[in-house]
Amino acid sequence: MQGSLFPPSSSGASSLPEATVSARERVAALRDAIAAHDHRYYVLDAPTVSDAEYDALYRELRQLEAQHPELVTPDSPTQRVGGQPLPEFPTVRHTVPMLSIRTETDTEASGARAFDARVRRELGLTENDPPIAYLAELKFDGLAINLRYENGVLVQGATRGDGENGEDVTQNIRTIRAIPLRLNGSNESIPALIEIRGEVYMRRDDFEKLNDRQLAAGEKTFVNPRNSAAGSLRQLDPAITAKRPLSFFAYGLGEVAGWALPETHGGLLNAIERFGLPVDQHRRRALGAEGLIAFHQDIAALRESLPFDIDGVVYKVDSLALQRRLGFVTREPRWAVAHKYPPQEQFTTVQHIDVQVGRTGKLTPVAKLSPVFVGGVTVTNATLHNEDEVKRKDVRIGDTVIVRRAGDVIPEIVAVVIERRPEGARAFEMPRQCPVCGSLVSREESEVDAYCSGELFCPAQRKQALLHFAGRRAMDIEGLGDKIVEQLVDKALVQSAADLYRLTQNDLAGLDRMAEKSAANLCVALEKSKYTTLERFIFALGVRHVGEATAHDLAQHFGSLDALMAADGDALIAVPEIGNVMADSIRSFFSEPRNRDVIAALRAAGIHWPDVVVASTTSGPLTGLTFVLTGALPTMSRDEASHRIVEAGGKVTGSVSKKTSYVLAGEAPGSTLAKAQTLNIPVLDEAALLQMIESSASPKILSQVNS
């Protein structure tokens, strides 16, 4: 995935109708699904859906948010690139964000024409104007990397991470021989500072040799070149990375100082190549849509013979001046697009249909397939999503099916070949009891998914629930990763989150790969996590449909956990952005005696948080005003600023909408500021807020905030 050359710019947007309840529910469901897929893909390197399925979810969410901008929240996948740094590596903040580019999934010629038409429209060109010049490149299947050179010397290598913050993998980057430690050129020609962005990947022949060595050593083989490249670069021991045959292609820039940029993207790649970095030779300058179509077709013919994997091509407006003029929309440049190829398909048979139980208790049918080689890997599983999907496709045990794989490990079943159905092929039925814990399985009339009712006591849910509870945005228990949680649950040391706080250093030191120091550090992290905030605690509980923004709104509205636990449906619906489905989910969670027992045990273990000030019923200088906070303030924390606003009669919410009165912005405000500018929401700094509170005077609105 490719990063950006210039930071995003804002643009205006017209008012759109209020979201319906069904739209809110669908947006919430899409965000939960995309967040889960992002975690597996970017953090665990273990994707479970195809690119096509993920793209469909993302497109639907983006379309809904475009129709209902009041539903856009800071924690939406559309407001960020996706993924997060691994905790073992130091964090690197990208001065110029490594944004993603839009994906054109129409694999025919119309995909290129649609992009060209969109660019021409944005530039105000007519059919009489000459064609736009593009630079067409390959879309590599690897891991995006930012290389920082100061005075020509490599000083840092960082992963893309979430686009804003990546992982410092400098020592591992230095083991890749394709990446020069010093740039070519004279002191006068080399920039004082330049960040070169590109893709770390593994060639197919190198991948095969690596797996041969793994087999000979009796070790686990890798699934595909992309995952092996990502895993190799994230090794904590650079000596291991050095043994992995990694390669690199450059495709763009990040931060630059002391260097005059060329006029075109093609000229930029030529300059990077002269610095001594590898740039793919298949790139081509293309004129207009027809030039893009020709490139797409030519590369498609070469795809199988390439020495490395690609899943499409990338088109970029060649002129850097036009790139600046086109700018960005939220997380994507308007001047670039990725154009994918048709996914590959194969025939195989369904040997069995198993049911997996997820963190929330969701039951997912998974087809166990006869091994088949599709898209460069051997696949044996295909998700069937839910019972309705199985029935819609009429997938039965013993069927011959068409399997499609579009760059991911887990493929999709496109269709059943009815003509090959054997006699006695068995239809699938969702079990009435959880296959893991034996609890009853339920399915709400309004939902397509079935759920285990075992909640916190189902082992399948328990592990993921504990990982969610310990997550960085929840209780932030550093060091409590999946390997540790798995052992704690499997050895019956932990039955619920409350049991974490009963663990001793001796308990932890007895786990595999847990030394005395690591055990002591985890004990310290557990103790530290006892002091949290109400909104973090609510989010950590893992209530269905309740994300970070909703947890924030619940904490601000009710002010205490007891008030929230006692709230009925009417009281919950009174909270902005909460509809009937979410209210029912929250009420059901807190009505369950076993959940209340766990919460009581957590509080008894010492978990506590500062008081939350609820907006006064009496009038104040900020009565009737709604604020959204973003960025780091000069003298106050965001919690302190929220306190001041609420005490003055105002309200603090977690996302910008048309109902927002002001956005309070500090340093590095992120995408919230861009959203506010799009909706023409006034932006304040800390001094202006204090002026409003203390004097009731009209604030000085910031016309610009440095981002």
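Buried, as used here, means under 20% relative accessible area, exposed means over 50%, and partly exposed is in between (1.4 Å probe, protein chains only). With that in hand, take helix H20 (580-591), where Met 582, Ala 583, Ser 585, Ile 586, Phe 589 and Phe 590 are buried. Seen down the axis of H20, these buried residues fall within an arc of 160 degrees, so they line one face of the helix; the arc is that of the directions from the helix axis to the C-beta atoms.

A word on the source: this is a predicted model, in which local features need pLDDT of at least 70 and side-chain atom pairs count only at pLDDT 80 or more, while totals for chains, interfaces and linings use all residues. Residues are numbered from 1 along each chain as its sequence is written, and side-chain values use heavy atoms, with hydrogens and water left out.

**The whole protein**

The secondary structure comes to 24 helices and 26 strands. Helices (H or I, at least four residues) and strands (E, at least two) are DSSP runs, numbered from the N terminus. Of the 707 residues in the protein, 52% are buried. Contact means heavy atoms within 4.5 Å. Among contacts with a separation of 6 or more, 68% are between residues 24 or more positions apart.

**The core and its helices**

A nonpolar core is a set of buried Ala, Val, Leu, Ile, Met, Phe, Trp, Tyr and Cys residues joined through side-chain atoms within 4.5 Å. The largest one here has 53 residues, and those with the most contacts inside it are Phe 469, Ile 477, Leu 500, Leu 554, Ile 586 and Leu 602. Elements giving two or more residues to this core include H12 (459-470), H13 (482-490), H15 (516-529), H20 and H21 (593-604). In soluble globular proteins, nonpolar side chains tend to be buried together. Leu 500 shows who meets whom: leaving aside neighbours within four places in sequence, its contacts are Leu 466, Phe 469, Ile 477, Leu 480, Leu 488, Val 494 and Leu 526.

Back to H20. Its buried residues are covered by elements including H17, H18, H19 (569-573) and H21. H20 and H21 pack at an angle of about 70 degrees, with their axes 5 Å apart. That makes H20 roughly perpendicular to H21. The contact is made by Phe 589, Phe 590 and Ser 591 of H20 and Pro 593, Asn 595, Arg 596 and Ile 599 of H21. For the angle, axes are lines fitted to C-alpha atoms, for helices over the stretch in contact, and angles run from 0 to 180 degrees between N-to-C directions. Under 35 degrees counts as roughly parallel, over 145 as roughly antiparallel, 65 to 115 as roughly perpendicular, and the rest as oblique.

Following H13 comes Ala 492, whose phi is positive, near 60 degrees.

**Some single residues**

Here are a few residues from other parts of the chain.

| Residue | Relative accessibility | Class |
|---|---|---|
| His 265 | 3% | buried |
| Arg 31 | 13% | buried |
| Ala 109 | 24% | partly exposed |
| Ala 668 | 34% | partly exposed |
| Asn 680 | 64% | exposed |

His 265 lies in helix H8 (residues 265-274).

Ala 109 is in helix H3 (residues 109-123). Ala 109 and Gln 297 are 188 residues apart in sequence and 8.7 Å apart in space, C-alpha to C-alpha.

Ala 668 has a positive phi, near 55 degrees, and is found in the loop between strand E25 (662-665) and helix H23 (671-678). Asn 680 has a positive phi, near 60 degrees, in the loop between H23 and strand E26 (683-684).
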